[in-house]
Amino acid sequence: QVQLVESGGGLVQPGGSLRLSCAASGFTFSSYAMSWYRQAPGKERELVATITSTGGSTNYADSVKGRFTISRDNAKNTVYLQMNSLKPEDTAVYYCYVVARGYWGQGTQVTVSS
């Protein structure tokens with residue numbers, strides 16, 4: 001049974017930081033690229049960042065470049081999203097995703113507000 005469990009979301013002030021985690025099980029985590037997506041109210045789900053299976057390459061949406069960092073620990077079957085300099089427009093539900101398998105986590109809410 002594939003499971004993706006996100007954690008680390010919450011309420012943070014503008015300029016603050018959060019670190020999201022996605023713990024994976026039920027498949028060979030180290031064989032797949034992983035992505036983080038987000039969906040704000042009334043908007044389509046958008047790709048935030050992707051990391052290759054080995055962690056050797058990453059890609060980011062222009063809106064988060066220089067502020068967010070995706071990483072992974074294949075020994076722990078976990079992918080992370082470090083979010084710095086958060087803005088109100090980063091408010092969304094954040095989901096992890098297994099590239100090429102189509103698996104989604106349940107999402108974690110991030111709210112950036114003063």
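**Exercise 1.** Which side chain meets that of Arg-38 in a salt bridge at 2.6 Å, N to O?

Solution. The model is a predicted one. A salt bridge here requires a side-chain nitrogen of Lys or Arg within 4 Å of a carboxyl oxygen of Asp or Glu. The partner is Glu-46, with an N to O distance of 2.6 Å.

**Exercise 2.** Which parts of the chain does the pair of Asp-90 and Arg-38 tie together?

Solution. Begin with the contact: the side chains of Asp-90 and Arg-38 form a salt bridge of 2.9 Å, N to O. Next, locate each residue: Asp-90 lies in the loop between strand S8 (78–83) and strand S9 (92–98), and Arg-38 in strand S4 (residues 34–39), so the pair joins parts that are 52 residues apart in sequence. Finally, consider accessibility: both Asp-90 and Arg-38 are buried.

**Exercise 3.** Is Asp-62 buried or exposed?

Solution. The cut-off for an exposed residue is over 50% relative accessible area. Asp-62 has 66% relative accessibility, so Asp-62 counts as exposed. Asp-62 forms a salt bridge with Lys-65, their closest N and O atoms lying 3.2 Å apart. Lys-65 is partly exposed, with a relative accessible area of 49%.

**Exercise 4.** Which residues are linked in a network of salt bridges?

Solution. The network links Arg-38, Glu-46, Arg-67 and Asp-90. In total, the structure holds four salt bridges.

Note on methods
Residues numbered from 1 in each chain as written. Predicted model: local features only at pLDDT ≥ 70, side-chain atom pairs only at ≥ 80, totals over all residues. Heavy atoms only, no water. Helix = DSSP H or I, 4+ residues; strand = E, 2+ residues; numbered from the N terminus. Buried < 20%, exposed > 50% of the residue type's maximum accessible area, 1.4 Å probe, protein only.
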